Amino acid sequence: MKYTILFCLSLCIFSCGPIRDCDSTVEYYRVDECLLIVQKIPSDTDSRFDYKGINPVTKKEYDCNSNISDMWWSNYKKDITIGDTIIKKKGELIFSIHKKDTVMSFNFECEGKIYK
């Protein structure tokens with residue numbers, strides 16, 4: 001009886017949630033976009049990518065908060081400061097941070113493979 005319960009619990013724990021491979025994840029990331037001149041940086045304790053600022057094209061307030069790509073984009077939070085421009089174009093897999101004198105570009109990478 002103990003073993004049956006342990007087996008059922010193990011089965012539930014290890015079989016929960018969808019399994020995504022890199023190729024399907026890439027298709028989700030392609031549709032997201034962010035074009036923002038950073039004016040507000042989220043707190044260090046917040047793992048979300050919730051940057052606020054101005055869209056340089058429309059000149060309107062904009063929020064780069066994505067439920068799709070924020071885990072990818074959050075890898076670069078340490079490199080972003082107020083005044084930087086963040087660019088992730090729809091259809092592309094390059095995340096860029098434009099600083100006054102430097103452009104940092106990051107391709108999406110999954111399981112050692114670089115996607116472009």
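A residue counts as buried when its relative accessible area is under 20%, as exposed when over 50%, and as partly exposed in between (1.4 Å probe, protein chains only). By this criterion Trp-73 is buried, at 0% relative accessibility. The structure is a predicted model: local features need pLDDT of at least 70, side-chain atom pairs count only at pLDDT 80 or more, and totals for chains, interfaces and linings use all residues. Residues are numbered from 1 along each chain as its sequence is written, and side-chain values use heavy atoms, with hydrogens and water left out.

The protein chain contains 3 helices and 7 strands. Helices (H or I, at least four residues) and strands (E, at least two) are DSSP runs, numbered from the N terminus. The order of elements from the N terminus is α-α-β-β-β-α-β-β-β-β. The chain has 116 residues, and 33% of them count as buried. It exposes about 8,200 Å², of which carbon and sulfur atoms supply 58%. Accessible areas come from the Shrake-Rupley method with a 1.4 Å probe; for residues, only the protein chains shown count as cover. Contact means heavy atoms within 4.5 Å. Among contacts between residues at least 6 apart in sequence, 47% join residues at least 24 apart.

In soluble globular proteins, nonpolar side chains tend to be buried together. Here, the largest nonpolar core has 21 residues. Such a core is a set of buried Ala, Val, Leu, Ile, Met, Phe, Trp, Tyr and Cys residues joined through side-chain atoms within 4.5 Å. Phe-49, Ile-80, Ile-86, Phe-95 and Phe-108 have the most contacts inside the core. Two or more residues each come from helix 2 (22-31), strand 1 (34-40), helix 3 (70-73), strand 5 (94-98) and strand 6 (103-110). Beyond its neighbours within four places in sequence, Ile-80 is in contact with Val-38, Ile-41, Phe-49, Tyr-51, Ile-86, Phe-95, Ile-97 and Lys-99.

Trp-73 belongs to helix 3. Leaving aside neighbours within four places in sequence, Trp-73 is in contact with Asp-32, Glu-33, Cys-34, Phe-49, Ser-66, Lys-88 and Phe-95. Its C-alpha atom is separated by 9.0 Å from that of Arg-48, 25 residues apart along the chain.

In helix 2, Cys-22, Thr-25, Val-26 and Tyr-29 are buried. They lie on the same side of helix 2, because they cover an arc of only 105° around the axis. The arc is that of the directions from the helix axis to the C-beta atoms. An α-helix has 3.6 residues a turn, so residues three or four places apart point the same way. The cover over the buried residues of helix 2 includes helix 3, strand 4, strand 6 and strand 7 (113-115).

The structure holds 2 disulfides. A disulfide is assigned to a pair of cysteine sulfur atoms within 2.5 Å. One joins Cys-22 to Cys-110, with an S to S distance of 1.9 Å. This link is left-handed, with -70° about the S-S bond. Cys-22 lies in helix 2 and Cys-110 in strand 6, so the pair ties together parts that are 88 residues apart in sequence. Cys-22 and Cys-110 are both buried.

Cys-34 and Cys-64 form another disulfide, with their sulfur atoms 1.7 Å apart. With 105° about the S-S bond, this link is right-handed. The pair connects distant parts of the chain, Cys-34 in strand 1 and Cys-64 in strand 3, 30 residues apart. Cys-34 is buried at 1% relative accessibility, and Cys-64 is buried at 3%. With the bonded cysteines numbered in sequence order, the pairing is 1-4, 2-3.

Two aspartates were also examined. Asp-79 sits in the loop between helix 3 and strand 4 (85-88). Asp-79 counts as buried because its relative accessibility is 18%. Its side chain makes a polar contact with the side chain of Lys-78 (3.4 Å). A polar contact is a pair of N or O atoms within 3.5 Å; within protein, one must be able to donate a hydrogen and the other to accept it, and residues adjacent in sequence count only if both atoms are side-chain atoms. Not counting residues up to four places away in sequence, Asp-79 touches Asp-84, Ile-97, Lys-99, Met-104 and Phe-106.

Asp-63 is found in strand 3 (residues 61-65). Asp-63 is partly exposed, with a relative accessible area of 34%. Apart from neighbours within four places in sequence, Asp-63 is in contact with Asp-50, Tyr-51 and Lys-52. The C-alpha atoms of Asp-63 and Phe-49 are separated by 9.5 Å, the two residues being 14 residues apart along the chain.
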